[in-house]
Amino acid sequence: DTPVGPVDLAYAEQGDFPAMRTPKFSFDRLRVGEFNLLQQTAQVTLDLKVNNEHASELFFDRLNYDVSLGGRRVGRGTMATLGSVPGATEDVLQLPLEIDLVSAGATVVDALRNRERLNVGMDATVDVTVPFLDAVVPLAIDETGQVTVQ
């Protein structure tokens with residue numbers, strides 16, 4: 001709309017816009033650290049594979065988790081920062097756990113000591129920071145699978 005009447009302007013635009021994609025999680029492996037037989041605990045690290053199909057880097061913070069091994073809950077807690085995964089890549093985030101060997105049960109202890117495959121489950125919530133949106137998106141994780149114990 002101009003002082004002399006309406007004027008049509010040609011307009012054409014093309015390009016890409018990064019659409020939000022939910023990352024995919026799977027279990028990579030469970031690494032056994034230190035066994036403390038006196039305190040009946042084991043330090044382990046659960047490697048969580050994250051496939052970030054999203055075009056930009058995602059940051060994972062404020063993880064509230066509940067982990068089970070061999071059908072028994074072995075860890076629950078909160079982590080302030082889990083890590084980040086660059087855009088359009090697959091990476092591994094590490095979740096350190098201290099396992100109470102008494103409550104974990106014989107199946108879990110045997111699998112940890114003998115480096116056997118083990119069923120694992122994880123229920124969690126995590127805040128995902130998406131820089132291009134300038135937003136924090138809450139995400140629920142509900143995964144089950146098997147891990148190789150190393």
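Six salt bridges are found when the whole structure is searched; a salt bridge is a side-chain nitrogen of Lys or Arg within 4 Å of a carboxyl oxygen of Asp or Glu. The model is predicted: local features need pLDDT of at least 70, side-chain atom pairs count only at pLDDT 80 or more, and totals for chains, interfaces and linings use all residues. Residues are numbered from 1 along each chain as its sequence is written, and side-chain values use heavy atoms, with hydrogens and water left out.

**Exercise 1. Describe the salt bridge of lysine 24 and glutamate 53, and say which parts of the chain the pair ties together.**

Step 1. The N to O distance between the two side chains is 3.0 Å.

Step 2. Lysine 24 belongs to strand 1 and glutamate 53 to the loop between strand 2 (41–52) and strand 3, so parts 29 residues apart in sequence are tied together. Strands (E, at least two residues) and helices (H or I, at least four) are DSSP runs, numbered from the N terminus.

Step 3. Lysine 24 is partly exposed at 47% relative accessible area, and glutamate 53 is partly exposed at 36%. The classes are buried under 20% relative accessible area, exposed over 50% and partly exposed in between (1.4 Å probe, protein chains only).

**Exercise 2. Find the distance in the salt bridge of arginine 29 and aspartate 47, and the network that holds these residues.**

Step 1. The side chains of arginine 29 and aspartate 47 meet at 2.9 Å, N to O.

Step 2. Arginine 29 sits in strand 1 and aspartate 47 in strand 2, distant parts of the chain 18 residues apart.

Step 3. Aspartate 47 is buried, with 1% relative accessibility, whereas arginine 29 is partly exposed at 29%.

Step 4. Another of the salt bridges joins aspartate 66 and arginine 73 at 3.1 Å, N to O. Aspartate 66 is buried at 19%; arginine 73 is partly exposed at 49%.

Step 5. Through shared partners, salt bridges join Arg29, Arg31 and Asp47 into one network.

**Exercise 3. Classify the one aromatic pair in the structure.**

Step 1. The search of the whole structure gives one aromatic pair. Rings of Phe, Tyr and Trp (its six-membered ring) pair if their centres lie within 6.5 Å; planes under 30 degrees apart are stacked, over 60 edge-to-face and the rest tilted.

Step 2. The rings of phenylalanine 25 and phenylalanine 60 are 6.1 Å apart, centre to centre, with 75° between the planes, and the pair is edge-to-face.

Step 3. Phenylalanine 25 is in strand 1 (residues 24–36) and phenylalanine 60 in strand 3 (residues 58–69), so the pair ties together parts 35 residues apart in sequence. Both phenylalanine 25 and phenylalanine 60 are buried.

**Exercise 4. Which residues have the most contacts inside the largest nonpolar core?**

Step 1. A nonpolar core is a set of buried Ala, Val, Leu, Ile, Met, Phe, Trp, Tyr and Cys residues joined through side-chain atoms within 4.5 Å.

Step 2. The largest such core has 40 residues, and Phe60 and Met122 have the most contacts inside it. Strand 6 (residues 117–130) gives the most to this core, seven residues.

Step 3. Beyond four places in sequence, phenylalanine 60 touches residues including Phe25, Leu82, Leu93 and Val128; contact means heavy atoms within 4.5 Å.

**Exercise 5. Is glycine 33 buried or exposed, and what does it contact?**

Step 1. Glycine 33, in strand 1, is exposed at 51% relative accessible area.

Step 2. Apart from neighbours within four places in sequence, glycine 33 is in contact with Gln43 and Val44.

Step 3. Glycine 33 and valine 44 are eleven residues apart in sequence, with 5.2 Å from C-alpha to C-alpha.
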